[in-house]
Amino acid sequence: MLTLTGTIRAATTIGGGINRKTGEVIPSRPVLQVEGLDGRGLVQVYTLTVPDLAPYEGKVGQRIEVPVRAWAPGASVNLSYEAPM
């Protein structure tokens with residue numbers, strides 16, 4: 001398991017509503033935006049969907065560690081939340 005260490009920039013719920021073309025319900029999802037460093041040492045903001053925002057409420061601006069998994073479709077590496085074992 002990998003760990004993303006960075007500063008929380010946002011913790012919010014996004015989405016929700018209805019797709020105008022299909023009528024399909026779009027579920028809302030809790031997301032974190034974590035500011036970290038990329039492989040070159042430059043600042044990058046990672047947006048992660050998490051199962052629950054409760055552990056992160058009131059921690060915007062604080063440094064945290066989040067368990068993640070990574071994959072690379074093409075050239076860039078993507079991260080997503082990974083539940084700790």
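Me: Leaving aside its neighbours within four places in sequence, what is Leu32 in contact with?
Reply: Leu32 is in contact with Ile8, Ala10, Ala11, Tyr46, Thr47, Leu48, Val50, Leu53, Tyr56, Ile64 and Val66, leaving aside its neighbours within four places in sequence. Contact means heavy atoms within 4.5 Å.

Me: Before we go on, where do these values come from?
Reply: This is a predicted model, in which local features need pLDDT of at least 70 and side-chain atom pairs count only at pLDDT 80 or more, while totals for chains, interfaces and linings use all residues. Residues are numbered from 1 along each chain as its sequence is written, and side-chain values use heavy atoms, with hydrogens and water left out.

Me: ok. Which residues in the largest nonpolar core touch the most other members?
Reply: Leu4, Leu32, Leu48, Tyr56, Ile64 and Val66 do, out of 13 residues in that core. A nonpolar core is a set of buried Ala, Val, Leu, Ile, Met, Phe, Trp, Tyr and Cys residues joined through side-chain atoms within 4.5 Å. Buried means under 20% relative accessible area, exposed over 50%, and partly exposed in between, with a 1.4 Å probe and protein chains only.

Me: And which elements give two or more residues to this core?
Reply: Strands E1 (2-18), E2 (25-37), E3 (43-49) and E4 (63-71) do. E4 gives the most, with three residues. Strands (E, at least two residues) and helices (H or I, at least four) are DSSP runs, numbered from the N terminus.

Me: How many bridges join E2 to E3?
Reply: Seven, and the two strands run antiparallel. Leu37 stands opposite Val43 in E3.

Me: What about Gly36, buried or exposed?
Reply: Gly36 is buried, with a relative accessible area of 6%. Gly36 lies in strand E2. Leaving aside its neighbours within four places in sequence, Gly36 is in contact with Thr5, Leu42, Val43, Gln44 and Tyr46.

Me: New topic. How many salt bridges does the structure hold?
Reply: Three. A salt bridge is a side-chain nitrogen of Lys or Arg within 4 Å of a carboxyl oxygen of Asp or Glu.

Me: Which residue does Glu35 form one with?
Reply: Arg9, with the closest N and O atoms 3.3 Å apart. Glu35 lies in strand E2 and Arg9 in strand E1, so the pair ties together parts that are 26 residues apart in sequence. Glu35 is partly exposed at 26% relative accessibility, and Arg9 is partly exposed at 43%.

Me: And Asp38, which side chain does that one meet?
Reply: The side chain of Arg40, in a salt bridge at 2.8 Å, N to O. Asp38 is buried, with a relative accessible area of 16%, whereas Arg40 counts as exposed at 67% relative accessibility.

Me: Which residue does Glu82 pair with in a salt bridge?
Reply: Arg69, with the closest N and O atoms 3.5 Å apart. This pair links distant parts of the chain, 13 residues apart: Glu82 in the segment after strand E5 (78-81) and Arg69 in strand E4.

Notes:
Pairing = 2+ DSSP bridges.
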